Amino acid sequence: MARRNVFIGVAAALGLVVFAVAIIATARPDIFSLARTGSQCRVAERVGGALEPYAAGAMSAFQSVPPKDLTALPFNGSGDQAQTIEALKGRLVLFNLWATWCAPCRVEMPHLAALHEERSGDDFAVVAVSIDNRDSNRPENFLAETGAEALDYHREPTMQLFNSLNGAGLAAGMPTTLLIAPDGCVAGMLSGAADWNGEDAHRLVDAALAQI
């Protein structure tokens, strides 16, 4: 009887080991994906960790977020011609999502354009992306209508960009602005319109650039 109980105990232990191995094998793609994100997002992690003191005044809604690799997401065009955020790597990017039906976007867009015009260069850029999916909304005219011609026109009409960011907790509505580090990983976000050309915004950008 004792020998039988030992056998049952060993069998049960082996069963648990097999079960655990099966779980790890099933989850393996996610585990390695997270490992890659952690290793390649070190710049974003450093940038995000330094910005908490600068989330004040007009930037009080800004929050650092756990870094996540965004390079595979499209931001310009669709289908086989789509450009992904991979193309933006190498600079600190203030990445804004807007839509023609978004009233706060109309208020915010001139501030983003002014910041881009004043500060853009080899190390920094503002990239504003329309998520309009109807040509009748004439999104290409929006920049001129809002006095934001300094910004290049980008459009991702398939909703893949917004839906992916929404699923990751990085976009809930319009406008949404992400701070993307040169490694292509998100370092922080701000939901809603903000004065991106005020002193508080410039201090936040300067603090982020100092970490690069």
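How many aromatic pairs does the structure hold? The structure holds two aromatic pairs, where rings of Phe, Tyr and Trp (its six-membered ring) count as a pair if their centres lie within 6.5 Å, with planes under 30 degrees apart taken as stacked, over 60 as edge-to-face and the rest as tilted. The model is predicted, with local features needing pLDDT of at least 70 and side-chain atom pairs counting only at pLDDT 80 or more, while totals for chains, interfaces and linings use all residues. Residues are numbered from 1 along each chain as its sequence is written, and side-chain values use heavy atoms, with hydrogens and water left out.

**View 1. The aromatic pair of Phe75 and Phe95 is edge-to-face.** The two ring centres are 6.4 Å apart, with 70 degrees between the planes. Phe75 belongs to strand 2 (residues 74–76) and Phe95 to strand 4 (residues 92–98), so that the pair links distant parts of the chain, 20 residues apart; helices (H or I, at least four residues) and strands (E, at least two) are DSSP runs, numbered from the N terminus. Both Phe75 and Phe95 are buried, a term for under 20% relative accessible area, as against exposed for over 50% and partly exposed in between (1.4 Å probe, protein chains only).

**View 2. The rings of Trp98 and Phe142 form a stacked pair.** Their centres are 4.4 Å apart and their planes stand at 15 degrees. Because Trp98 lies in strand 4 and Phe142 in helix 4, the pair ties together parts that are 44 residues apart in sequence. Trp98 is buried, with a relative accessible area of 0%, and Phe142 is also buried, at 1%.

**View 3. Asp132 sits in the loop between strand 5 (124–130) and helix 4 (142–145).** With a relative accessibility of 1%, Asp132 counts as buried. Its side chain is joined to that of Thr100 by a polar contact of 2.7 Å, that is, a pair of N or O atoms within 3.5 Å, of which, within protein, one must be able to donate a hydrogen and the other to accept it, residues adjacent in sequence counting only if both atoms are side-chain atoms. Leaving aside neighbours within four places in sequence, Asp132 is in contact (heavy atoms within 4.5 Å) with residues including Trp98, Trp101, Asn137 and Arg155. Asp132 and Arg155 are 23 residues apart in sequence, and their C-alpha atoms are 7.4 Å apart in space.

**View 4. Thr176 lies in strand 7 (residues 176–180).** Thr176 is buried, with a relative accessible area of 1%, and a polar atom of its side chain lies 2.6 Å from the backbone oxygen of Gly173. Beyond its neighbours within four places in sequence, the contacts of Thr176 are Phe95, Asn96, Leu97, Leu170, Ala171 and Leu190.

**View 5. Helix 3 bends by about 30 degrees at Met109.**

Note on methods:
Bend = angle between axes of the 7 residues up to and from the residue.
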